[in-house]
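Colleague: Walk me through the helix packing here, please.

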Amino acid sequence: MTNEFAIITHALSKSYGKNSAVRELDLSVKLNRITAFLGRNGAGKSTTIKMLLGMIRPTCGSGAVLGGEITDTAASRNIRRRVAYVGEDKPLYAYMTVGQIVRFAKSFYPDWRSDTEKKLLYEYELPVERKVKTLSKGMRTKLALLLAFARRPDLLILDEPSEGLDPVGIEHLLRSLVTQASDGVSIFFSSHQIAEVERVADHVCILEKGRLLVDQSLDELRRSYRRIDLVFDSSIPENEFRFSNVQRIETRGRHMSVFVQSNADTVVERARRLNALSVDVSPVALRDIFLETVREEPERALV
Amino acid sequence: MGMFLKPAPDAGQPLYLQLMQQIRHAAETGALLDGDQLPSIRALADELVVSPNTIVKAYSELAHEGLLDLRHGAGAFVCVKRRTRSLADRVQASRRHIRVLIEQLREEGLFDEEIRRAFDAEMACTAETVRRR
């Protein structure tokens with residue numbers, strides 16, 4: 001089991017007083033995959049990531065990264081050697097120049113990829129002579145990414161890696177992620193850039209209020225989520241379409257939009273039987289799947 | 001620039017399927033010939049900026065269909081057998097059928113956009129039904 005997964009957690013939870021940041025999270029992230037970790041601000045993504053890296057202790061539950069228990073001190077040290085992490089706070093030595101910090105980092109890692117280092121210094125247009133403290137936010141992000149990518153880790157954990165990057169920077173980042181994946185690096189990253197995630201991720205996890213609501217391959221999501229727009233000659237009760245695969249129904253008079261998580265044909269067949277004047281089936285972009293997923297939650301909580 | 005387009009992430013179809021269609025189409029039209037070598041997984045993933053797993057899946061599915069020959073360590077080679085050519089003929093024939101149908105629908109007063117939407121709806125519907133079996 002453990003050698004199939006880069007990350008695995010069982011009922012992993014973290015609360016601060018009465019507030020639970022992460023609730024009984026069962027996460028399994030496969031090796032050799034690009035996995036995106038989505039969620040609104042405050043959903044518990046960073047807390048989860050920090051628990052995985054041994055930076056904060058879970059309140060209860062357990063987890064393993066690359067086979068090492070996250071709460072075991074020795075194992076956690078080993079994890080941090082094999083995992084490269086870029087988070088919101090980038091602890092870079094402000095007084096060093098870009099060139100110095102690269103040479104400094106290099107001295108710690110025997111597997112350091114000089115080719116990656118040179119390629120990214122050029123691609124990210126990082127000024128080697130400049131001091132870290134004079135770099136813009138985007139530049140610091142790029143530098144932190146370069147240091148992570150050149151280490152040749154087994155697992156990359158990135159918390160909002162595209163934060164502060166311009167569109168060109170984001171494109172370079174995506175390209176680097178793909179190259180890393182080709183080198184056999186497993187990638188787990190959180191992001192709000194859903195359109196970008198949609199291009200490169202193999203698998204998507206959506207966290208909302210500390211709970212995992214979606215844990216699926218992007219191929220399955222693309223294949224199964226559909227929006228079906230229906231027009232009838234008179235208004236039709238929504239009850240006709242309350243199947244288990246239906247996530248939400250929107251009715252405006254004789255027009256009805258039905259969002260399904262799978263099997264759009266059940267809805268299409270029913271609509272035909274009800275003599276729908278028009279039936280349009282269209283795919284749903286990841287952004288809308290995300291919005292639908294996080295929208296549903298408060299209603300569910302009220303029940 | 002390479003010969004393949006970046007797949008559309010929001011097209012409601014897995015990226016590997018879109019890539020398979022592009023490769024199949026290239027083989028049917030003769031843009032790819034028997035024995036041609038496809039880019040390596042790494043090169044194509046970099047070029048299209050998609051996960052390498054997408055390329056792996058497309059190549060291995062096509063190898064399963066017999067359109068590609070995956071030679072270990074050497075790469076992926078196009079293998080246009082008679083079946084592919086007869087497929088190309090069938091595709092040509094099907095286009096003739098579709099042309100006749102479209103003309104007929106136009107004569108019945110439908111606009112192109114309406115025909116296209118009807119086509120999409122039927123395709124989506126039958127594809128879902130077939131998949132469920």
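Colleague: Helix 1 and helix 3 of chain B: is their crossing left-handed or right-handed?
Modeller: Right-handed, meaning the near helix is turned clockwise from the far one by less than a right angle. This is a predicted model, where local features need pLDDT of at least 70 and side-chain atom pairs 80 or more, while totals for chains, interfaces and linings use all residues. Residues count from 1 along each chain as written, with chains lettered from A and ligands numbered from 1 in written order.

Colleague: At roughly what angle do they cross?
Modeller: Roughly 50°, with the axes (lines fitted to C-alpha atoms over the stretch in contact, angles from 0 to 180 degrees between N-to-C directions) coming within 8 Å. So the two are oblique, as angles under 35, over 145 or from 65 to 115 degrees get other names.

Colleague: Which residues make that contact?
Modeller: Leu15(B), Tyr16(B), Leu19(B), Met20(B) and Ile23(B) from helix 1 of chain B, and Thr54(B), Lys57(B), Ala58(B), Glu61(B) and Leu62(B) from helix 3 of chain B. Contact means C-beta atoms, placed from the backbone, within 7 Å.

Colleague: Switching to chain A, how do helix 5 and helix 6 lie to each other?
Modeller: Roughly parallel, crossing at roughly 10° with axes within 12 Å. Gly138(A), Lys142(A), Leu145(A) and Phe149(A) meet Gly169(A), Leu173(A), Ser176(A) and Gln180(A) there.

Colleague: And between the chains, how many residues take part?
Modeller: 25 from chain A and 22 from chain B.

Colleague: Which element of chain A gives the most?
Modeller: Helix 6 of chain A, with 6 residues. Helices here are DSSP H or I runs of at least four residues, numbered from the N terminus.

Technical notes. Two residues are in contact if their C-beta atoms, placed from the backbone, lie within 7 Å.
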